[in-house]
Amino acid sequence: MAARAVPQEQFRGGVQQKNVQGGERRNRTALGDIGNVVTVRGGGGGGVAGIAKPLPGNRPLTRSFCAQLLANAQANADKIKKQGEQLVDVNNVAGVRKAAVHKKVLEKKKTQVVVNPEKTPTAYVKVDQKQASRKKKSASLTSFLTARSKEACGLARKPEELVVNIDEGSVEDELAVVEYVEDIYKFYRLAEDESRVNDYMGKQPDINEKMRSILMDWLIEVHHKFELRQETLYLTVNIIDRFLSVKAVPRKELQLVGIASMLIACKYEEIWAPEVNDFVQISDKAYVREQVLAMEKAILGKLEWYLTVPTPYMFLARYVKASVPVDLEMEKMVYFFAELGIMNYPITIKYPPSILAAASVYAARTTLSNGPTWTETLKHYTGYLEDQLRECARLLVSFHVAAPEHKLKAVYKKYSKPEAGSVALRPPAKSLLN
């Protein structure tokens, strides 16, 4: 009985084997089982790396032929390995060049480059970038030359950190009007010339500078006795000088002008102003009530009711605050010099209120040896340099030197008391007199 072909697929040793018709082939063993199949890994010819590829054709496997196949396979493997190394070298060179270019770019961008030390030199370099802290741009040549030119011309501004913000602690105080205070004092500086008086003693036939000083000395005592505000004293002096500059006054009425002027200033500045009878009593009844009221009306008529003027006190309040650090002794010393100034006619006529106030601060700092004598903060808020104040400050110090022996001692006694810090007893700053 003829054998019938039975197609059958078997897997032996991991190689697919197909049995065909014929008895002589039925007992043949798969080539994969006897180890005579050359395994080519990664070779050409369309084979898949790692999978055994049967030999082409039916050429018998001799020893020499097998050795040739092995040699060819080895050569092919060496060739593939060499190509792979060349590819790695090329990639490595490109990577290194790319890393070098990237590093230069990072250096230009002011970044910090950190190389991962765990990688080999032939591998790609992994770069971790950390953004460096931003630095200020370097000044250009034009800005540098401009700054040098301003410095040479004295136009360079002082560093802002040298100027203390004296209004910082008053931001929450609505009465301090911090947002307007600078504009207010700029206006005061412009308006102080309008309310200044010229030399009027030549127009007064019956009074002189000495009589004016005696009147001021007496009014300072009255002001202190009534415990009035500082603003009241300076406004009183301003009203007297402005009225005497437009009206000739007899000697017997000079004291009447003084008490009427202080009455007006009290009504303008004080919450509880003294009554007319109080001034009549303080003048030892030299005048009656009707005379005081008549002089008050005459003064207001001549001044056209213009009482809102920048007196030295307005500038003193600001400049004392700028004289940091401020203490009670410093404040009292400044007001001591300011009152010595308003008592003397030449000081009042020659210097505007802002200079008198600034010179009082300068003289006080010199007397108390507060160094530096004139700071950047004072320059900023007063608008005056030290040279502009030295002459007025010298006169104020000379009044301090002569105060103990002077006949008019109201200011000296007032500031020699403990409640005033006894600042009048301090040694005068004779260094300013040289």
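## The largest cavity

The largest cavity in this predicted model holds about 230 Å³ of space. A search of the whole structure finds 1 cavity of 30 Å³ or more. The lining comprises 18 residues, and those closest to the centre of the cavity are Asn238, Asp241, Pro312, Thr348 and Pro353.

By residue class, the lining of the largest cavity consists of 10 nonpolar, 4 polar and 4 charged residues. Two helices, α6 (230–244) and α13 (353–367), each supply at least two residues of this lining. The largest share, 5 residues, comes from α6.

## Helix α6

Helix α6 contains 15 residues, and the distance from its first C-alpha to its last is 22 Å. This span is close to the 21 Å expected at 1.5 Å a residue. In general, an α-helix has 3.6 residues a turn, so residues three or four places apart point the same way.

Most of α6 is covered, with 14 of its 15 residues buried. The helix also supplies 5 residues to the lining of the largest cavity, and Asn238 and Asp241 are among the residues closest to the centre of that cavity.

Helix α10 (312–322) is largely enclosed by the rest of the structure, because 8 of its 11 residues are buried. The buried residues of α10 are Pro312, Tyr313, Phe315, Leu316, Arg318, Tyr319, Val320 and Ala322. One of them, Pro312, is also among the residues closest to the centre of the largest cavity.

Which helices do the buried residues of α10 pack against? They pack against α4 (178–191), α6, α11, α13 and α14 (376–382). Two of these partners, α6 and α13, each supply at least two residues of the lining of the largest cavity.

## Loops on either side of α10

The loop between α9 (289–303) and α10 contains Glu304, and Trp305 lies in the loop between α9 and α10 as well. Glu304 has a positive phi of about 55 degrees although it is not a glycine. Trp305, likewise not a glycine, has a positive phi of about 60 degrees.

Are the side chains at these positions in residues that are buried or exposed? Glu304 has a relative accessible area of 67%, so it counts as exposed. Trp305 has a relative accessible area of 64% and is therefore exposed.

Pro325 is found in the loop between α10 and α11 (328–343). A cis peptide bond joins Val324 to Pro325, with omega at about -5 degrees.

## Cysteines

How many disulfides does the model contain? The count comes to 0. A disulfide is a covalent bond between the sulfur atoms of two cysteines.

## The chain as a whole

The chain has 16 helices and 4 strands. It contains 434 residues, of which 34% count as buried.

Among the contacts in the chain with a separation of 6 or more, 70% are made by residues 24 or more positions apart.

Conventions. Residues numbered from 1 in each chain as written. Predicted model: local features only at pLDDT ≥ 70, side-chain atom pairs only at ≥ 80, totals over all residues. Heavy atoms only, no water. 1 Å grid on protein atoms, 1.4 Å probe; cavity = no way out; pocket = protein on both sides within 12 Å on 5 of 7 lines; lining within 4 Å. Points joined across faces, edges and corners; volume = space filled by probe spheres on them. Nonpolar A, V, L, I, M, F, W, Y, C, P; charged D, E, K, R; others polar. Disulfide = S-S within 2.5 Å. Expected span 1.5 Å × (residues − 1). Buried < 20%, exposed > 50% of the residue type's maximum accessible area, 1.4 Å probe, protein only. Contact = heavy atoms within 4.5 Å.
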